[in-house]
Amino acid sequence: MDYQEIFERVESKYVLTRKQYMDVMTRIHGRIKPDEFPHSDITSIYFDTEDYRLIIASLDKNGYRAKLRLRSYGIKNGQTPVFMEIKKKYDGVTYKRRQEMTYDQSRDYILFDRMPLNTQIMKEIDYLKNRKQQLNPKVLISYQRDSWAGRDDQSLRITFDSDIRCST
């Protein structure tokens, strides 16, 4: 395994104008450096119930929230690695558990419920998707991401997303 399966982090998100972005970059320029993946083309498919219960709970911002998504980086072919992810937020802390698989495996799982791997995280994904919530693909979101790390603090990560597109 050469990717991180489990994350725990505090996230803050802001909408910036181009001028605000330039001002922030000017102020922090000497304190950041490009992270391991400095530029990414990200595509995510978010799963939800027929009546959009997960997104409604997420927009409520009260207590516990959960999301299931399929995320890919860059151009995809059948063997491209993608990630099925459970993302939960509680009391300001984000927890993410993800399972790497090929694009073909994810397609077979989404369309035909063919379990690609027999791992604990995949069992949790399957439980959320098929047993607990009956989740289906609902929204596709794509964007460009520039990622930065702190020069003196490697736990600091700052990302800027642009060219955001979505489709149902």
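Ile-55 lies in helix α2, which spans residues 53-60, helices being DSSP runs of H or I with at least four residues and strands runs of E with at least two, numbered from the N terminus. The model is a predicted one, in which local features need pLDDT of at least 70 and side-chain atom pairs count only at pLDDT 80 or more, while totals for chains, interfaces and linings use all residues. Residues are numbered from 1 along each chain as its sequence is written, and side-chain values use heavy atoms, with hydrogens and water left out.

With a relative accessibility of 38%, Ile-55 counts as partly exposed, a class between buried (under 20% relative accessible area) and exposed (over 50%), computed with a 1.4 Å probe and protein chains only. Together with Tyr-52, Ile-56 and Leu-59, Ile-55 forms a nonpolar surface patch with about 380 Å² of accessible area. Ile-55 and Lys-67 are separated by 12 residues in sequence and by 7.9 Å in space, C-alpha to C-alpha.

In helix α3 (residues 103-112), Ser-106, Tyr-109 and Ile-110 are buried. These residues lie on the same side of α3 because they cover an arc of only 90° around the axis, the arc being that of the directions from the helix axis to the C-beta atoms. The cover over the buried residues of α3 includes β2 (32-48), β3 (65-73), β4 (81-90), β5 (93-102), α4 (120-132) and β6 (136-150). Helix α3 is followed by Asp-113, for which phi is positive, near 55°.

Methods:
Contact = heavy atoms within 4.5 Å. Patch = residues over 30% accessible without salt bridge, like charges linked within 9 Å, V, L, I, M, F, W, Y side chains within 5 Å. Areas by Shrake-Rupley, 256 points an atom, 1.4 Å probe, with all protein chains shown as cover. Salt bridge = Lys/Arg side-chain N within 4 Å of Asp/Glu carboxyl O.
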